[in-house]
Amino acid sequence: MAAYVLRRVLWGVVLLALVSLLTFVVFYVLPSADPAQLRAGRNADPATLAQIRQNLGLDRPLTAQYWTFLTHLVLHADLGFSYYSGASVGSLLVDRLPATISLTFGAVVIWVLVAVPLGVVAAVRRGTWVDKLTTGGALLGISAPVYWLGLLALYLFADDIGTFPLLPGAGSYVPLTDDPWQWLTSLILPWLVLASTFTAVYARLLRGNMIEVLSEDYVRTARAKGLSERRVVWNHGLRAAVTPLVTLAGLDIGLLLGGAVLTEAVFGIPGIGRLNYEAIVHADYPVIQGTVLLAACFVIVANIAVDVAYAYLDPRVREQ
Amino acid sequence: MPRLVKRALPLLLLILATGLAACGSSSDNGGSSSATADDGAGGHRGGTLTVLTSQDITSLDPGITYQSLDLNVLASTMRTLYTYEPTAPATLVPDLAAGPPQISDGGKTLTVRIRRGVRFAPPVSREVTARDVKYAIERGFNPNVANAYASTYYGDVVGADRASGGAIAGIQTPDDFTLVFRLTRPTASLLAQSTVLPLSAPVPQEYAKPFDAKAPSQYAAHVVSTGPYMVAADSDGKVLGEGYVPGRSLRLVRNPNWSAAGDHRPAYLDGIDFEIGGSGTVYGRQTLAGRGLVLADPPTPALVKKAYQEARDQIFFSPGAGTRYAALNTAIPPFDDANVRKAVAAALDREQMRRVRGGEVIGDIASHFLYPGVQGFEKAGGLEGTGVDFLAHPEGDTALAARYMRAAGYPSGRYTGGETLQIVGLAGAPDSNDAQIFDQTLQDLGFKTSLKLVDSGVMYGRFCGVPRARVHACPNVGWIRDFADPQTVLNLAFNGNFIFPENNPNWPQLNDAAINRAMARGELTVGDAARASAWAEIDRMITATAAAVPWLYDRQPNVFAADVRCVPELWNQGHCDFAYTSLKP
């Protein structure tokens with residue numbers, strides 16, 4: 001197992017190098033704004049523009065720029081400085097990460113707690129009103145864009161602009177260490193909004209998997225052995241049905257840790273997603289590179305974790 | 001026709017959705033039916049204002065920045081030599097200067113006396129001298145600072161052509177409170193006016209020099225104020241990560257070393273907190289419903305409609321917020337032919353272009369390039385225009401357009417050439433709607449077009465500002481003055497000497513020898529009235545070429561909470577001036 005994990009980690013490093021190269025190429029090949037011109041404004045003459053380019057290191061050949069980035073990253077764990085604010089990319093990521101982690105894990109807890117029972121009950125009570133309600137609700141959840149749902153939640157329930165002012169609205173986020181109660185209340189609406197789509201997807205998937213699993217021979221055997229229906233469903237059915245969802249959850253969590261851009265934007269949460277969006281707007285390449293690499297890291301780590309979890313959940317994988 | 005319907009439908013829906021067309025079609029003057037410009041006198045002291053902005057500031061360094069939001073911050077944290085009162089956007093008033101600028105030697109020497117008793121904020125905490133202003137300007141030429149307009153406005157100072165951050169011979173400080181600029185050409189009038197820009201805000205050399213030695217300069221992270229407010233900082237003066245967290249927040253607190261004596265600013269507020277990076281849509285709603293809030297973003301059309309209909313005291317339409325125009329590339333066919341350009345200008349329905357943005361409330365139909373609030377606007381024709389026939393009908397004149405096309409050699413009155421014109425506009429309503437109206441106009445004249453809609457940075461940086469991109473027309477460009485002098489509106493934008501291979505500000509690539517000569521004379525004209533006349537005439541000459549089609553004099557809507565007594569900076573898009581704004585008790 002250790003060799004397997006090590007092999008995956010090494011592949012992850014290679015993948016990160018490829019992601020960084022791809023980000024670099026995309027930034028310079030596709031027509032994005034010129035960071036030097038954005039900073040210079042329209043009055044700047046060619047000489048001033050050249051000075052700014054030199055300051056930002058943009059006057060050097062692309063290969064030299066990339067090599068410098070790579071060596072600084074590998075040798076000094078240095079992601080460089082933002083073209084826009086001058087702050088170090090590392091400090092920006094560290095500053096924004098807690099908000100994204102808070103948002104992601106809260107939403108994960110909600111969607112797992114809601115989607116799993118819903119999916120199981122809908123599968124067991126197939127064709128009943130519970131099933132129809134779950135399936136219909138899931139369809140709505142999947143169809144509703146997060147941005148729209150976020151605005152709707154704020155217009156309905158935010159304590160400043162909501163019709164029914166129940167919860168803190170946009171811009172109310174504070175770090176957990178500053179004020180735990182406000183941290184909790186400020187994240188309830190974002191968690192619910194972010195979890196809604198995932199809950200819908202996972203409930204639908206789990207329902208489908210459960211229906212399939214519950215018709216398997218080994219489940220019939222379990223029933224024939226006289227096990228209670230609850231034990232059959234939760235111990236034998238769910239364990240097999242949930243395995244594919246673990247893979248999906250790993251990827252989703254990894255992606256969300258890379259930034260839930262829309263949710264963070266609507267609710268004014270200073271997370272990685274918003275940082276990435278702002279960097280794209282300002283053609284702030286070092287920050288774009290930093291956020292993309294961080295997101296890639298999370299996805300790779302999540303994948304490795306999923307593989308390990310797979311081995312735990314499925315004895316066949318362990319044996320292989 | 002189906003294509004026309006297809007393109008017109010979204011516009012119609014937009015108009016119906018926003019409902020602003022109705023506002024625009026009334027006979028009321030849009031500007032006066034909203035909140036009026038308040039001078040702020042007798043404001044209530046105390047309280048903290050919260051500013052909501054989805055866009056971050058660019059830089060806190062007065063030597064680097066001059067973006068609108070940054071100027072808004074610097075207006076209350078820095079003291080430049082001269083400034084504008086918020087509601088008098090064309091009248092220069094002394095700020096750090098002790099009196100009016102003294103121009104001598106036929107316009108080749110500018111002398112400014114510095115006010116005594118102005119002190120830097122902590123940790124510098126000493127009196128400001130003329131040497132601090134001298135260093136501030138000199139560092140603008142330091143490659144690590146690379147100020148974008150230093151060479152434009154200070155380029156005639158003796159020695160500036162060789163400047164790279166060290167002493168400039170033409171900036172002299174005969175004593176601690178006198179600053180003398182010696183110039184190679186008689187451009188002291190323009191130089192005096194340009195000192196309203198933040199580059200003339202004093203910078204303490206002994207403190208800033210180590211930061212300026214780094215590439216790029218790190219002074220923004222340690223910036224020192226002289227105005228009534230300062231960015232909250234640690235004991236060493238570091239603001240980055242303290243008072244300013246990029247993309248998140250900016251906190252202005254009172255500068256303990258500021259004295260009301262000798263400053264025209266009342267500074268009623270205890271502090272100003274910026275919340276940065278959220279959704280503009282949500283911020284807008286919060287501002288209208290909340291307390292102590294100001295929206296620094298341009299409001300969405302939906303918010304303008306809501307504020308206009310439900311809370312007119314909470315929206316102010318700031319006049320003189322720039323000219324919007326469609327640039328036609330005079331360097332390549334078919335717009336190298338003046339008659340073709342005039343045909344486009346005649347055909348364009350500028351009324352419709354305004355309507356999709358909200359109608360009369362958001363501005364007047366433009367008919368030349370100097371705009372209200374800039375010296376020379378009235379002399380160039382004011383709102384009536386310069387008198388050219390191709391801009392006489394804001395709703396478009398297809399018969400006249402056909403005549404110009406025939407004059408250009410197209411007997412049918414429609415273009416019959418084979419090439420496809422590259423049009424680059426801004427993505428996102430209402431800009432994209434304006435681009436589509438322009439595009440449809442070209443098609444109606446017989447042109448084949450390819451319309452590309454991109455964001456602002458890409459439009460200027462990769463297409464409209466790059467001559468080798470060979471873009472035929474850019475319908476969404478515009479210009480905002482740097483200060484009230486008309487040269488700042490026309491010179492870079494239409495002077496043939498400023499056609500650069502990149503970051504080219506002369507988007508139509510107009511290179512007319514007569515206009516270039518007139519501009520060279522205009523640059524050397526001394527005295528506000530004479531300069532206004534000279535540049536008004538240049539404006540008429542540019543308009544007559546139809547190198548660009550002016551279509552809107554912007555009024556910028558600004559939204560604030562009901563308990564905020566916003567004093568709009570009419571010289572800066574109408575942002576609430578924090579040094580004059582107060583909270584109602």
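Predicted model: local features only at pLDDT ≥ 70, side-chain atom pairs only at ≥ 80, totals over all residues.
Student: Why is α8(A) called roughly antiparallel to α11(A)?

Tutor: The axes of α8 (residues 180–214) of chain A and α11 (residues 243–257) of chain A come within 10 Å and cross at roughly 160°. Angles over 145 degrees count as roughly antiparallel, and the crossing therefore makes α8(A) roughly antiparallel to α11(A). The crossing of α8(A) past α11(A) is right-handed.

Student: Which residues of α8(A) and α11(A) meet?

Tutor: From α8(A) come Phe198(A), Tyr202(A), Leu205(A), Leu206(A) and Asn209(A), and they meet Pro244(A), Leu245(A) and Asp252(A) of α11(A). By class, this contact has 6 nonpolar, 1 polar and 1 charged residues.

Student: What is the span of helix α7 of chain A, and what is expected at 1.5 Å a residue?

Tutor: Helix α7(A), residues 146–157, has 12 residues and reaches 16 Å from its first C-alpha to its last. That is close to the 16 Å expected.

Student: What makes a residue of α7(A) buried, and which ones are buried?

Tutor: A residue is buried if 20 or more other C-beta atoms lie within 10 Å of its own. In α7(A), Leu149(A), Gly150(A), Leu151(A), Ala153(A) and Leu154(A) are buried. Their cover includes α8 and α12 (261–267) of chain A, together with α8 of chain B.

Student: How many residues does each chain give to the contact between chains A and B?

Tutor: Chain B gives 38 residues and chain A gives 39 residues. On the side of chain B that touches chain A, the largest share, 5 residues, comes from α8(B). By class, that side has 18 nonpolar, 14 polar and 6 charged residues.

Key
Residues numbered from 1 in each chain as written. Chains lettered and ligands numbered in written order. Contact = placed C-beta atoms within 7 Å. Helix = DSSP H or I, 4+ residues; strand = E, 2+ residues; numbered from the N terminus. Nonpolar A, V, L, I, M, F, W, Y, C, P; charged D, E, K, R; others polar. Axes fitted to C-alpha atoms, helices over the stretch in contact; angles between N-to-C directions. Parallel < 35°, antiparallel > 145°, perpendicular 65-115°, else oblique. Left-handed = near helix turned anticlockwise from the far one by under 90°. Expected span 1.5 Å × (residues − 1). Buried ≥ 20, exposed ≤ 12 C-beta atoms within 10 Å, placed from the backbone.
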